[in-house]
Amino acid sequence: MPQVTKFNTVLFADDSKVIDNAYYPEDIQTDIDCLSRWSEIWQMKFNVEKCGVLHIGESNPQHGYTLDGIQLKSVQKEKDLGVKRSTLKSDS
């Protein structure tokens, strides 16, 4: 995939990730939109139902993002190449 995003985008087999600082939500949304356009061109559409946003850290402002006009769900845990990642929030 050619570089179409501003921030870190990781692709592996059938998995994609946009990794960035949560304090730049407009840039993250722009990257998601660029990936969506790229996927349309190459006829490899993302399955929005399988997409999610993992907000890491207690001070994360937890912005919402959309893909193809559909709000992405916020998830507490996500499996990444067999490793489970979580929001790392304390229970207090």
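Ile41, Trp42 and Met44 make a nonpolar surface patch of about 390 Å². One of these residues, Met44, is placed in the loop between H1 and S3. The model is a predicted one, and its chain has 1 helix and 8 strands. The points below proceed from the overall architecture to the helix, the core, the salt bridges and the backbone of selected loop residues.

**Overall architecture**

- Read from the N terminus, the elements follow the order β-β-α-β-β-β-β-β-β.
- The chain has 92 residues, and 26% of them are buried.
- The accessible surface of the chain amounts to about 6800 Å², and carbon and sulfur atoms contribute 52% of that area.
- Among contacts in the chain with a separation of 6 or more, 45% are between residues 24 or more positions apart.

**Helix H1**

- Helix H1 spans residues 25-41.
- H1 consists of 17 residues, and the distance from its first C-alpha to its last is 24 Å, close to the 24 Å expected at 1.5 Å a residue.
- The buried residues of H1 are Pro25, Ile28, Gln29, Asp31, Ile32, Cys34, Leu35, Ser36, Trp38 and Ser39.
- An α-helix has 3.6 residues a turn, so residues three or four places apart point the same way.
- Ile28 and Ile32 are both in the list of buried H1 residues, and both also belong to the largest nonpolar core.
- After H1 comes Gln43, which has a positive phi near 55°.

- Gln29 is a residue of helix H1. Gln29 counts as buried because its relative accessibility is 16%, below the 20% cut-off.
- Beyond residues up to four places away in sequence, Gln29 touches Gly64, Tyr65 and Thr66.
- The C-alpha atoms of Gln29 and Tyr65 are 6.1 Å apart, although the two residues are separated by 36 residues along the chain.
- Ser39 is likewise located in H1. With a relative accessible area of 1%, Ser39 is buried.
- When neighbours within four places in sequence are set aside, the contacts of Ser39 are Met44, Lys45 and Phe46. Of these contacts, Met44 also takes part in the nonpolar surface patch, and Lys45 forms a salt bridge with Glu40.

**Nonpolar core**

- The largest nonpolar core is a set of 8 residues: Ile28, Ile32, Val48, Cys51, Val53, Tyr65, Leu67 and Leu72.
- In soluble globular proteins, nonpolar side chains tend to be buried together.
- Val48, a member of this core, is in contact with Leu67, Asp68, Ile70 and Leu72 when neighbours within four places in sequence are left aside. Leu67 and Leu72 are core members as well.
- Tyr65, another core residue, is one of the residues that Gln29 touches.

**Salt bridges**

- The structure contains 2 salt bridges.
- Glu40 is partly exposed, at 45% relative accessibility. Lys45 is also partly exposed, at 48%.
- Another salt bridge pairs Asp68 with Lys45, and here the closest N and O atoms are 3.1 Å apart. Asp68 is in the loop between S4 and S5 and Lys45 is in the loop between H1 and S3, so this pair ties together parts that are 23 residues apart in sequence.
- Through shared partners, the salt bridges join Glu40, Lys45 and Asp68 into one network.
- Asp68 counts as partly exposed at 36% relative accessibility, and Asp68 is also among the contacts of Val48.

**Positive phi values in loops**

- Gln62 has a phi near 55°, which is a positive value in a residue other than glycine.
- Gln62 is placed in the loop between strand S3 (52-54) and strand S4 (66-67). Its relative accessible area is 35%, so Gln62 is partly exposed.
- Asp68, too, is a residue other than glycine with a positive phi, near 55°. Asp68 occupies the loop between S4 and strand S5 (70-71).

Definitions and conventions: Residues numbered from 1 in each chain as written. Predicted model: local features only at pLDDT ≥ 70, side-chain atom pairs only at ≥ 80, totals over all residues. Heavy atoms only, no water. Helix = DSSP H or I, 4+ residues; strand = E, 2+ residues; numbered from the N terminus. Buried < 20%, exposed > 50% of the residue type's maximum accessible area, 1.4 Å probe, protein only. Contact = heavy atoms within 4.5 Å. Core = buried A, V, L, I, M, F, W, Y, C linked by side-chain atoms within 4.5 Å. Expected span 1.5 Å × (residues − 1). Patch = residues over 30% accessible without salt bridge, like charges linked within 9 Å, V, L, I, M, F, W, Y side chains within 5 Å. Areas by Shrake-Rupley, 256 points an atom, 1.4 Å probe, with all protein chains shown as cover. Salt bridge = Lys/Arg side-chain N within 4 Å of Asp/Glu carboxyl O.
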